[in-house]
Amino acid sequence: MSTALTASAPYRTSFWRTFWTNAVMAPRTSLGFMRVDFVLGTVFVIPLTQMVFFAFVVQLGGGGAAKVAYTAIGNAVATVTYSSVFSVCQTTDSEKQQGTMEHLLVSPANRLALYFGRGLIPILISLGTVAVGLLYAALLFGVVIPPSSIPALVVSVVLTGFAMVGFGLLLGGVALYLRTSIILGNIFLFVGLLLSGVNFPLSSLPLPLQWAGDLLPLTWGVAAIRSALAGDSIATLGLLWAAVALAAALSFGLAIGLWKYFEQRALATGSIARF
Amino acid sequence: MAAAPAQYSRGRSTVAAFRLSVLQFLADPQWLVPSMIAPVIFALVSFELFRVAGPYFLTYAILGAGMMSMWGQTLYGSGWATGQDREFGTLEPTIQAPTPYLYVVLGRVLWNVLSGLIGGLIVYLVILVVAGGPPTVTDPLGFALLFVFIMVTLASVGVVFAAFYVYTRYAGFIQNIGEFAFYIGTGCMFPVVLLPFFTNPISLLFPPTWGLDALRYLSIPGYRGFEWGFWGDLLGAVATTTAYLGFAGMVFYRVERHVLEEGNLSEY
């Protein structure tokens, strides 16, 4: 025992221990809105109310059953932003407020494990949110989900969940330089409703807005899920899946890159309090 | 020498609470943004969805989004009105002060509604730019007067929420999870009569539902809302607003009694 304490062997961090510790602890500490009542509300209440809201707006605007179904699918997927973007991007705010950012930056924890670990529960909640949303779409808004489309749908939903949580982590990285992440979280919580083909096809927007929409992972996730429901060929789906996977990889990569850059700046300036 | 009795004025307390809210807002005005982003985006989405549905649907989009902005600010601001006291540890001292707590909260809620109006104006300007012109309003003066009255109805709801939030840990849940439900229930973007009939009595419990229906009767020719029409809506709005303010007074009186009996408001 005493040998273990006095020996100069370097402290070894375990990838999986960091991963699991973050997966279990982050919902209780740094992720926003992870109380049980909030999670249940996010999964069961928000998809329903958001879909009902836009379904009635479409109905008032003279849209028929097909347009209502289109909107219902889009919003079923878009509600994923609550758990994946809004909640996840608040991790940096929480770390700053709780005074744990300094400790985190000097810890030898593997950053990849830390990030993926923090994303685990939001990914699971995101999958649950989209699944419940699609169930509401089928039961209440006349959306037909053919049994043959379910495998492709599952792949699309899982990829979308990963991509969106990666995007949330990326925003959390950007929020390192802001006074608060709430504003960023609020912008990206809803901007997808306009730019991601959730309520109407992206093609009806001006070209610059279409380009902006193409930069959002939600756009590709919604397209992949619509394509899966339409029973499109694997070639078409494959391209969309590749786009969603690319968005996920880019988001996670950029998030980790931002953290690394922030760490270097913190070491160079000796301060992380200036933002 | 006997100490002079403490002098206080309810009106001065309300003005002071209002002023403090304004100063806090000016110190960090970014907090207008969260309550404004959703309405602006919803207005743009609705504008796109209503584009082919006729000229008066522009009024729907603007009115709805403006209401959502004010609703959002009322919902969040009222929760914060008591939440901040609890967080700062000033709830008990404020309630122990000679001025009834209701008048302190009223000042904060009035600012919330006013800042919601600022958000609503920004929404209006955004839609104005996108649509390329203002919507057609048949009676601008009546519209403006009724709009101010709707702010009063929202303030009354805000005061009741603030009173209710003293006793619940679920203020954040109601604000965040219930946001869309309030938008739907009070018919922000579409008439409440479109909703299933059994939901109508619930909607009618909220003063803004009546006020908004009246506003649409006034500004949209051929509008079909509640069958009792404009004057019925107006009467309902006045009655429910009065009931809300009376109810809020009762709840705050009970809160004050509770503090005197228990000595704290930490257990809730």
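Two residues are in contact here if their C-beta atoms, placed from the backbone, lie within 7 Å. Keep that in mind as you click around.

**Before you start**

This is a predicted model: local features need pLDDT of at least 70, side-chain atom pairs count only at pLDDT 80 or more, and totals for chains, interfaces and linings use all residues. Residues are numbered from 1 along each chain as its sequence is written, while chains are lettered from A and ligands numbered from 1 in the order in which they are written.

**Stop 1**

Along its principal axes, the C-alpha trace of chain A spans about 75 × 40 × 35 Å.

Among contacts in chain A between residues at least 6 apart in sequence, 83% join residues at least 24 apart. Of the 275 residues of chain A, 51% count as buried. Buried means that 20 or more other C-beta atoms lie within 10 Å of the residue's own; exposed means 12 or fewer, partly exposed is in between, and C-beta atoms are placed from the backbone.

Now colour by pLDDT, the predictor's confidence in each residue, from 0 to 100. Chain A averages 85, and 93% of its residues score at least 70. Within chain A, helix α1 (residues 2-6) has the lowest confidence, at a mean of 49, and helix α12 (residues 217-229) the highest, at 95. Where pLDDT is low, the predicted coordinates should not be read in detail.

**Stop 1: two helices of chain A**

Select residues 234-269 of chain A: this is helix α13, with 36 residues. From first C-alpha to last, α13(A) reaches 51 Å, close to the 52 Å expected at 1.5 Å a residue. The expected span is 1.5 Å times one less than the number of residues. Show side chains and look for buried residues of α13(A), including A:Leu237, A:Trp241, A:Phe252 and A:Trp259. What covers the buried residues of α13(A)? The cover includes α8 (111-140), α9 and α12 of chain A.

Next, pick α9(A), residues 150-174.

**Stop 2: chain B**

Switch to chain B, which has 11 helices and 0 strands. Its radius of gyration is 20 Å, close to the 18 Å that the globule rule gives for 268 residues, so chain B is as compact as a globular protein of that length. Of those 268 residues, 47% count as buried. The mean pLDDT of chain B is 82, and 92% of its residues reach 70 or more.

Zoom in on B:Met36, in helix α2 of chain B. B:Met36 is buried, with 24 other C-beta atoms within 10 Å. Not counting residues up to four places away in sequence, B:Met36 touches B:Ser69, B:Gly119 and B:Ile122. Draw a distance from B:Met36 to B:Gly119: they are 83 residues apart in sequence, and 5.5 Å apart in space, C-alpha to C-alpha.

**Stop 3: where the chains meet**

Show both chains together. The contact takes 26 residues from chain B and 29 residues from chain A. On the side of chain B that touches chain A, α2(B) gives the most, with 11 residues. The residues on that side of chain B divide into 22 nonpolar, 3 polar and 1 charged. Ala, Val, Leu, Ile, Met, Phe, Trp, Tyr, Cys and Pro count as nonpolar, Asp, Glu, Lys and Arg as charged, and the others, Gly among them, as polar. For the complex, the predictor gives an ipTM of 0.84 and a pTM of 0.86.

**Last stop: the core**

A nonpolar core is a set of buried Ala, Val, Leu, Ile, Met, Phe, Trp, Tyr and Cys residues joined through C-beta atoms within 7 Å. The largest one has 163 residues, and those with the most contacts inside it include A:Ile73 and B:Ile41. Helix α3 (residues 57-88) of chain B gives the most to this core, with 15 residues.

Notes
Helices (H or I, at least four residues) and strands (E, at least two) are DSSP runs, numbered from the N terminus. The radius of gyration is taken over C-alpha atoms; the globule rule is 2.2 Å times the number of residues to the power 0.38.
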